[in-house]
Amino acid sequence: MAHVRKTTQSRKPARRKTSARRSTARKGSKRAAPKRWSQRVTKESDALDLKQGVFKLTSPKKIATSLKRSAEHSSRRKTGAYRSALSMLTFYINRAGKTLPKTQRTRLEKAKVELKRAFGRE
């Protein structure tokens, strides 16, 4: 005979534990950790020392010029200046994803072309 389960009692879903343990574990750290891994990448990686607000500039040529200057003067990069600048631009576009307005995305895509021109890689 097959085992039959009683259905008269309803099962309560398991309750999740509160995050009391998690909050006490973080109190011991000296500084607050960045919320997003992409924020940590831009601050701590050996990518580039970027001028603040570079991706908010209105002209693609200004964005490309700023990225080129940052890449050439950065002591944190591990590869060539062109590659570092282009990868940081691509990184920003990819991390913004669907939240990036079309006008800004177009501007940044044009900045890629300007960056290639600035480095003489057309």
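Helices (H or I, at least four residues) and strands (E, at least two) are DSSP runs, numbered from the N terminus. The structure on display is a predicted model, in which local features need pLDDT of at least 70 and side-chain atom pairs count only at pLDDT 80 or more, while totals for chains, interfaces and linings use all residues. Residues are numbered from 1 along each chain as its sequence is written, and side-chain values use heavy atoms, with hydrogens and water left out.

**The whole chain**

Begin with the complete chain in a cartoon view. From the N terminus on, its elements run α-α-α-α-α, which amounts to 5 helices and 0 strands. Of the 122 residues, 25% are buried; buried means under 20% relative accessible area, exposed over 50%, and partly exposed in between (1.4 Å probe, protein chains only). Contact means heavy atoms within 4.5 Å. Among contacts with a separation of 6 or more, 62% join residues 24 or more positions apart.

**The nonpolar core**

Next, select Phe-55, Leu-67, Leu-89, Leu-108 and Leu-115. These residues have the most contacts inside the largest nonpolar core, which has 20 residues. Such a core is a set of buried Ala, Val, Leu, Ile, Met, Phe, Trp, Tyr and Cys residues joined through side-chain atoms within 4.5 Å. At least two residues of this core are supplied by each of α3 (60-73), α4 (81-96) and α5 (102-118). The largest share, 9 residues, comes from α4. In soluble globular proteins, nonpolar side chains tend to be buried together.

Keep Phe-55 selected and display its surroundings. Apart from neighbours within four places in sequence, Phe-55 is in contact with Leu-50, Ile-63, Leu-67, Met-88, Leu-89, Tyr-92, Gln-104 and Leu-108.

**Helices α3 and α4**

Now select α3 and α4. Their axes come within 8 Å and cross at roughly 130 degrees. Axes are lines fitted to C-alpha atoms, for helices over the stretch in contact, and angles run from 0 to 180 degrees between N-to-C directions. On the α3 side, the contact is made by Leu-67, Ala-71 and Glu-72, and on the α4 side by Ala-81, Ala-85 and Leu-89.

Stay on α3 and select Ser-70, which lies in this helix. Ser-70 counts as buried because its relative accessibility is 9%. Beyond its neighbours within four places in sequence, Ser-70 is in contact with Leu-48, Asp-49, Leu-50 and Lys-51.

Move on to Ser-75, in the loop between α3 and α4. With 69% relative accessibility, Ser-75 counts as exposed. Ser-75 and Asp-49 are 26 residues apart in sequence, and their C-alpha atoms are 8.0 Å apart in space.

**Helices α4 and α5**

Select α4 and α5. They pack at an angle of about 170 degrees, with axes 11 Å apart, and are therefore roughly antiparallel to each other. Residues of α4 in this contact include Tyr-82, Leu-86 and Ile-93, and those of α5 include Arg-105, Leu-108 and Leu-115.

**The end of the chain**

Finally, select Glu-122, in the segment after α5. Is Glu-122 buried or exposed? Its relative accessible area is 73%, so Glu-122 is exposed. Leaving aside neighbours within four places in sequence, Glu-122 is in contact with Lys-116 and Arg-117.

Terms used:
Parallel < 35°, antiparallel > 145°, perpendicular 65-115°, else oblique.
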